[in-house]
Amino acid sequence: MTCHYTGIADDMLRFVQEKQLKDRTLWALVADQFAGAVDDADLGWRGEYWGKLMRGACMTWAYTGDEVLYQILSEAVDRLLAHQDLDGRIATYSREKEFQGWDLWCRKYVLLGLWHFYGICLDPKQQQRIVQAACRQLDYIVAHVGPGENQVRITKTSTHWRGINSSSILEPVVRWYRETGVQAYLDFATYILSEGGADGFSIFEAAYEDRLYPYEYPVVKAYELMSCFEGLGEYAQATGTEKWAQAVVRFADKLLLSEKTIVGGSGCKHELFNHSTVAQSDAGYDGLMLETCVTVTWMKLMYRVYLMTGDPRYLDELEVSAFNALYGAVNTGGSTCGGEATFDKACYRAVYDTCIAAKGGAGQVFDSYSPLRAGIRGRAVGGFKSMQQDTQFFGCCIAIGAAGTALVPMASARAQENRVEIGLYLPGTVSFELTHPETQQQSPVALKIETAYPADGRVKIRVACAGQDPGLPFELALRIPAFARHSHAWLNGTALQNVEAGAFLSISRQWKNGDEIELALDMNPRVVWAAGEKPAYAAVLYGPLALARDRRMGPVATPVSFTDAVSVKRLANETVSFPCQGVFEVNTGTQRLQMVDYASAGKTWRRDSEMEAWLPL
């Protein structure tokens with residue numbers, strides 16, 4: 001199946017490709033961190049950047065097929081492999097300092113980055129070099145980490161977050177086992193599970209038992225926890241272990257009950273699970289929230305569980321996260337952190353300014369945190385590390401974002417035998433081949449999708465296929481989002497029944513060239529209230545979009561009153577002076593507010609575009 005889209009998903013992905021992933025100097029910077037023990041001094045995570053970027057870049061290339069990008073990635077792989085030492089280590093820690101801090105976390109991303117490029121590599125000789133390098137890296141780790149007398153327990157290889165950062169290496173270990181068939185790698189993965197993921201507490205058993213919410217675990221670092229469960233999903237798939245598959249699904253379900261926010265993603269107290277469904281409007285907290293690393297990993301986990309279960313509600317959550325939190329973090333305006341930015345350490349400010357000056361004032365491609373109450377974007381660089389004698393800097397969120405923008409088209413559609421699912425409504429063309437039951441020949445089919453979704457609920461899908469008589473039989477399944485309670489559908493002008501919100505609308509027939517499906521998805525404009533008996537805030541949602549006030553359109557942080565007569569009217573995008581997915585007039589019953597989609601608000605990263613999604617009452 002191949003997809004070619006227009007619209008915001010395509011725009012964001014290609015923006016990231018051109019502005020970040022084709023930057024050869026960036027690839028040299030992140031690869032050359034492995035030339036020496038750069039993380040010894042602070043036991044840092046500079047070694048994660050290469051693999052995170054490579055994963056997102058390979059996912060991006062799978063969509064665009066860009067030849068220049070592929071060449072850059074091939075060069076970046078060779079540059080990394082040149083830094084592998086005689087023992088097989090590709091590490092930013094010396095032997096004296098290894099297996100501390102974020103060492104295994106960084107090696108996890110080396111293995112993931114190599115695995116992703118291996119999957120798209122067109123050169124068999126380079127593929128062979130990648131497998132050899134990955135196996136040497138893994139063999140060294142397996143020899144030194146484990147239950148043996150002269151080994152280090154995996155949950156003791158880091159004093160951070162009870163070692164869950166180290167345990168998340170489970171994902172690439174299983175992936176390379178599936179690729180190579182080396183039993184020692186599966187045994188190592190089983191050992192990681194036996195240690196429970198966290199020192200003194202099994203996060204995996206806790207998820208399976210389904211009694212605790214993740215914010216009730218003794219370790220609540222959101223990104224790393226979800227990374228561990230991505231690995232558990234790989235293990236369950238590789239071994240066919242139903243127990244662990246159930247644990248992944250139960251963990252995701254507990255997150256949806258306790259952690260999701262109105263803009264998707266989670267972590268409303270810095271980067272921690274903290275019962276975000278309640279805490280997201282907390283007026284007593286003015287710190288950083290909704291880390292981009294958490295948003296992307298949240299999306300990836302939801303997509304994994306969708307593939308495991310076929311349940312469209314996980315796509316609902318991926319969609320909300322993409323159209324709001326993720327796209328809001330893409331720095332399309334080239335903004336830099338303003339003077340009001342706050343950092344975890346005072347020294348970041350001076351180092352950041354130095355690095356910005358060295359880069360000619362250009363901002364990084366991704367923001368790290370997203371505000372929900374009145375505030376600004378660009379407040380800090382998540383996972384900030386200075387490099388090259390403080391003339392360059394990078395951050396974890398800057399590195400992970402490309403995986404998020406590439407995931408959206410990847411998750412938009414899938415084909416299973418003679419069933420085709422459209423999970424996300426993106427304008428463009430979805431092409432695939434089906435086997436004709438009579439001739440047993442492969443028949444090409446294209447679905448041409450016209451829509452302004454998510455700003456509008458109208459979707460038109462036209463079938464293009466060879467003109468067989470009586471036609472080409474297959475099942476077309478269209479996701480009806482859970483919010484779309486009163487939606488309608490037509491096939492060639494005839495109304496369809498059983499259009500159920502929160503489910504797939506399944507249409508099985510002999511499809512002919514020119515067949516047309518129309519959807520009228522109910523965008524269900526609605527007001528949601530903050531938690532508490534007397535809510536202090538409310539938010540306005542429209543379809544999958546959270547709406548926001550932006551200072552460029554009028555005042556923010558001023559009280560709003562709602563009555564039962566709330567209505568939302570879509571305005572022309574030209575109504576505002578900056579690009580957006582949609583502009584809306586919200587009639588609260590007592591006043592009229594002009595609001596914009598959350599992802600388009602706050603893009604200057606300064607007070608002149610101060611923004612808010614939770615409106616004070």
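Predicted model: local features only at pLDDT ≥ 70, side-chain atom pairs only at ≥ 80, totals over all residues.
Residues are numbered from 1 along each chain as its sequence is written, and side-chain values rest on heavy atoms, with hydrogens and water left out.

Helices and strands are DSSP runs numbered from the N terminus (helices: H or I, at least four residues; strands: E, at least two). Two strands are taken as paired if DSSP finds at least two bridges between them. Strands of a sheet pair through backbone hydrogen bonds, either parallel or antiparallel. In this model, seven strands form an open sheet with antiparallel pairing, in the order β1-β8-β9-β10-β15-β12-β13. Its edge strands, each pairing on one side only, are β1 and β13 (494–495).

Threonine 2 has serine 431 of β8 as its bridge partner, and tyrosine 5 is partnered by glycine 428 of β8. Strand β8 also pairs with strand β9 (residues 442–451), again in the antiparallel sense, over eight bridges; here glutamate 433 has proline 444 of β9 as its bridge partner. The hairpin of β8 and β9 has six residues between the strands, and within this hairpin glutamine 440 takes a positive phi near 60°.

Further along the sheet, β10 and strand β15 (residues 516–520) run antiparallel and are joined by five bridges. Lysine 460 stands opposite glutamate 518 in β15. Strand β15 pairs in the antiparallel sense with strand β12 (residues 488–491) over four bridges, and isoleucine 517 of β15 is the bridge partner of leucine 491.

In soluble globular proteins, nonpolar side chains tend to be buried together. A nonpolar core is defined here as a set of buried Ala, Val, Leu, Ile, Met, Phe, Trp, Tyr and Cys residues joined through side-chain atoms within 4.5 Å. Residues count as buried under 20% relative accessible area, exposed over 50% and partly exposed in between (1.4 Å probe, protein chains only). The largest nonpolar core holds 185 residues, of which Trp27, Trp50, Leu114, Phe117, Ile203, Phe251 and Leu478 touch the most other members. Helix α5 (residues 103–120) provides the largest share of this core, 11 residues. A second, separate core of 26 residues includes Leu372, Tyr537, Ala539 and Met553. Contact denotes heavy atoms within 4.5 Å. With residues up to four places away in sequence not counted, phenylalanine 117 touches Met54, Cys58, Tyr70, Leu73, Ser74, Val77, Gln126 and Ile130.

The loop between α4 (67–81) and α5 contains tryptophan 102, and phenylalanine 99 lies in the loop between α4 and α5 as well. Tryptophan 102 is buried, with a relative accessible area of 7%. Its contacts, neighbours within four places in sequence aside, are Leu43, Gly44, Trp45, Tyr93, His160, Trp161, Asn165 and Glu224. Tryptophan 102 and glycine 163 are 61 residues apart in sequence, and their C-alpha atoms are 9.2 Å apart in space. Phenylalanine 99 is buried at 8% relative accessibility.

Most residues other than glycine have a negative phi, and most peptide bonds are trans. Phenylalanine 99, by contrast, has a positive phi near 60°, as does histidine 270, with phi near 60°. Histidine 270 is located in the loop between α12 (242–258) and α13 (276–279) and is partly exposed at 24% relative accessibility. The peptide bond from tyrosine 453 to proline 454 is cis, with omega near 10°; proline 454 is placed in the loop between β9 and β10 (458–465).

Serine 281, in the loop between α13 and α14 (292–309), is buried with a relative accessible area of 10%. Apart from neighbours within four places in sequence, serine 281 is in contact with Arg373, Ala530, Ala531, Tyr537 and Trp614.

A pocket was defined on a 1 Å grid over the protein atoms alone, as an open set of points where a 1.4 Å probe fits, with protein on both sides within 12 Å along at least five of seven lines; lining residues have an atom within 4 Å of a point. Volume is the space filled by probe spheres set on the points, which are joined across faces, edges and corners. The largest pocket contains about 1,100 Å³ of space. Its lining comprises 38 residues, of which Met59, Tyr303, Leu307, Leu407 and Met410 lie nearest the centre. By class, the lining has 19 nonpolar, eight polar and 11 charged residues, where Ala, Val, Leu, Ile, Met, Phe, Trp, Tyr, Cys and Pro count as nonpolar, Asp, Glu, Lys and Arg as charged, and the others, Gly among them, as polar.
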